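Biologist: I have the sequence and the fold open side by side. Can you walk me through some of it?

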Amino acid sequence: MTLEEKIGQMTELNIDVVQDRSVKDHFQLSEALLDSVIGKYKVGSILNVPNGEAVGRQEWQDIITAIQKKSMKEIGIPCVYGVDQMHGTTYTDGGTLFPQGNNMGATFSRELVREGSRISAYETKAASIPWVYAPVVDLGREPRWSRIWENFGEDAFLNAEMGRESVLGFQGDDPNHIDQWHVAACLKHYMGYGVPTSGKDRTPSNISPQEMREKHFAPFLEAVHHGALTVMVNSQSNNGMPLHANYEYLTQWLKEDLQWDGMVVTDWADIVNLWSRDHIATSKKDAIRLAINAGIDMSMDPYSWDFCTLLKELVQEGKVPMRRIDDAVRRVLRLKYRTGLFEKPYYDWKAFPLFGSKEHAEKAREAARQSIVLLKNNGTLPLSVDQLPSTKKILVTGPNANSLRCLNGGWSVTWQGKHVDKHYPSMHTILKAMQQRFGAEHVIYEPGVTYNEEGDWWQENTAQIDKAVQAAASADVIVACVGENSYCETPGNLDDLSLSAQQQQLVRQLAATGKPIVLVLNEGRPRLVSDIEPLCAAVVHCMLPGNYGGDALADLLSGDANFSAKLPFTYPRHQAALTKYDYKPCEQVETMSGAYNYNAVVSVQWAFGFGLSYTTFAYSNLRVDHPQFTADDLLTFTVDVTNTGTVAGREPVLLFASDLVASLTPDNRRLRAFDKTPLLQPGQTVTMTLRVKGSDLAFVGYDGKWVLEAGDFRIQAGTEVLTVTCTTDKRWSTPNRD
Ligand code: BGC
């Protein structure tokens, strides 16, 4: 290959770049622009949905077939096309939209995560697309952040487990031979994106080297070990160094230490940002030099292809070595071979009959059911309306009650999540699902507050709370659906984490009627509700459950199904107390003696791992086969879980470990294992087995090296506690304890 051909393979452009803009009513490829982009510059990758909104399978097939034919003719190498299918089939009309990442984390079901990604892969391939920018394994540890809902929650282990399952679902069993039904996954965003110090999207973080290795790197390590083919880089900087220029993280940690031969793609225009935004390069060309030398293999510079010219000059000037170009191109080509693009660069959509099928819908509904968390219930739920006289009425209210857009959040049909309702007219909002389940005659609808659909995501119309209060007079129970409208990335930034003033006011005034309120939270991030929560009889956290979230909620509110989800993040109570479950002991000091008598108390609304059910579970007999252990032992814990209530239910069993004394102040506790019980009938007991390697209890010391120190660990599962003792120190000289 010539240098130009190689650099072309390292270039990714947005699909709009090859659009014929003289055609207005639909997306049309421009022959002239294809000649330039593919013919002249040999560009090897294209991303995104045409015109930013989901299109049908035939349209996708036409576009991708044309691009592939052109690529084969001009370059002899197929194009690798990529899209953000973030919670199912974001960008193909009629596809199946699953719950978002936080919800999938809340299921604590590996099986559902794998299945969701498998279905998403199948439906993506039905549009001839071989590559998805998912899963997101950022640790969502900053509740103000506008992207917290995209990942599996705040914990490193949960993201690692679910990230791995998602990769296996997307890619299938053999990453070297992705078959017709699977796609290449792209882990993102490498790494530390989830803790912007300012709380705003795409702003810097200050993660210590220990925490980076121990927590933020963990999901990438696990997924790479299980064959993840590509990685997308965090847009931002950590400790002043943009990730796109970080040789240590991109080349040493990821490629050398793991001997990973996959491909690293930038995020949106992020090489340019090294110059124009971050000021660590003197020009765009200088930024390209930094990024490629740091280990970037493909540049997503969506709207300009001067990357091709500038990188060529850098090679000719000796500023980027030829061996770096060859390495990057091998990685791109390996991806193309592995995804089978050389044999079959496009497909006939009719060969994918299960696209958007009932079968896929049922899986998405089950995932939604298992992802909605019951946070409070004074007995109002389930709503037993059908056993009562036909006069019994439910008031469904709030701005989220009648909106698929709200149920889905961002990355749904469009980037910001607008227009879902238009694309899926027959799907059920919460209101429609409630009417269907309880009978329209039992449901009154009066929103009280509505969003301004033409404005920014946070804009609301002038409230009509009085109307809702009047409607409440003839209702027996109120289901108040509050939260947020959809948003994505930087446009979703906020300045106040509280639930909007109008929505709080709606709940307050409804509470004054004396009717019991079921507060339904439908939001991407945990908006503060500490003032209104005490006014509510029950609280249900839907997060962003997707297109079947309304139906799933009706299944749960009616008691047709039981809740079985737990919070995958800490729900804060106060603006200035945004701690995580794995806080340090000093954050929870009761009283200091002497003159400095103060309280440092961790006060949260609902804790990580919290979630109720219509039944109760008792834990007993926590045991372990190695009460004394070394790094090389596998500790097998067993615990009996009994359904002590009156209805069937499933319980996620979470096993936490606390290192009682360590040379670096230890985390309060860490999730080290989890599993979900099967459906337990009342009175039924199951013995759950949870395994933890001795080495899993290690931490990264001050010197950046893994260490397991002799001493006691408190282990907790439900109400059960025991102590295990590490007998022997172990220090690893390898970066990843291999
Ligand atoms: C986002 C990524 C996404 C990419 C391509 C970026 O703005 O940060 O998550 O994959 O765009 O659409």
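Biologist: Before that, what am I looking at, and which residues count?

Modeller: This is a predicted model, where local features need pLDDT of at least 70 and side-chain atom pairs count only at pLDDT 80 or more, while totals for chains, interfaces and linings use all residues. Residues are numbered from 1 along each chain as its sequence is written, and side-chain values use heavy atoms, with hydrogens and water left out.

Biologist: Fine. Which residues are around the ligand?

Modeller: They are L47, D84, Y133, R147, K188, H189, R202, M232, D267, W268, M300 and E489. To be listed, a residue needs one of its heavy atoms within 4 Å of the molecule.

Biologist: How does that shell divide into nonpolar, polar and charged?

Modeller: Five are nonpolar, one is polar and six are charged. In that scheme Ala, Val, Leu, Ile, Met, Phe, Trp, Tyr, Cys and Pro are nonpolar, Asp, Glu, Lys and Arg are charged, and the others, Gly among them, are polar.

Biologist: How far is the polar side-chain atom of D84 from the ligand oxygen?

Modeller: That distance is 2.5 Å. For a polar contact, the pair of N or O atoms must be within 3.5 Å.

Biologist: And how much of the ligand does the protein bury?

Modeller: Taken alone, the ligand exposes 310 Å², and the protein buries 96% of that. The areas come from the Shrake-Rupley method with a 1.4 Å probe.

Biologist: Strands next. Which way do the side chains of β6 point?

Modeller: In β6 (residues 230–233), T230 and M232 point one way, V231 and V233 point the other way, and all are buried. Buried means under 20% relative accessible area, exposed over 50%, and partly exposed in between, with a 1.4 Å probe and protein chains only. The strands are DSSP runs of E of at least two residues, helices are H or I runs of at least four, and both are numbered from the N terminus.

Biologist: What does β6 pair with?

Modeller: β6 pairs in the parallel sense with β5 (residues 186–190) over three bridges, and L187 stands opposite V231 there. β9 (residues 263–265) is also a parallel partner of β6 over three bridges, with M263 as the bridge partner of T230. Pairing requires that DSSP finds at least two bridges between the strands.

Biologist: What about β12?

Modeller: I394 and V396 point one way from β12 (residues 394–397), L395 and T397 the other, and all are buried. Four bridges join β12 to the parallel strand β14 (residues 477–483), where I478 is the bridge partner of L395. Three bridges join β12 to β13 (residues 443–445), also parallel, and Y445 there partners V396.

Biologist: Where is G82, and is it buried or exposed?

Modeller: G82 is in strand β3 (residues 80–83) and counts as buried because its relative accessibility is 0%. Not counting residues up to four places away in sequence, G82 touches I46, L47, N48, W131 and Y133. Contact means heavy atoms within 4.5 Å.

Biologist: Now the backbone. Which peptide bonds are cis?

Modeller: One joins K188 and H189, with omega about 0°, and another runs from Y190 to M191, with omega near -10°. H189 lies in β5, whereas M191 is in the loop between β5 and α7 (209–216).

Biologist: Why flag those?

Modeller: Because most peptide bonds are trans, and most residues other than glycine have a negative phi.

Biologist: Which residues have a positive phi, then?

Modeller: Among them are N51, at about 55°, and V413, near 70°; neither is a glycine. N51 sits in the loop between β2 (45–47) and α3 (57–74) and is partly exposed at 45% relative accessibility. V413 is in the loop between α15 (404–408) and α16 (420–423) and is buried at 1%.

Conventions: A polar contact is a pair of N or O atoms within 3.5 Å; within protein, one must be able to donate a hydrogen and the other to accept it, and residues adjacent in sequence count only if both atoms are side-chain atoms.
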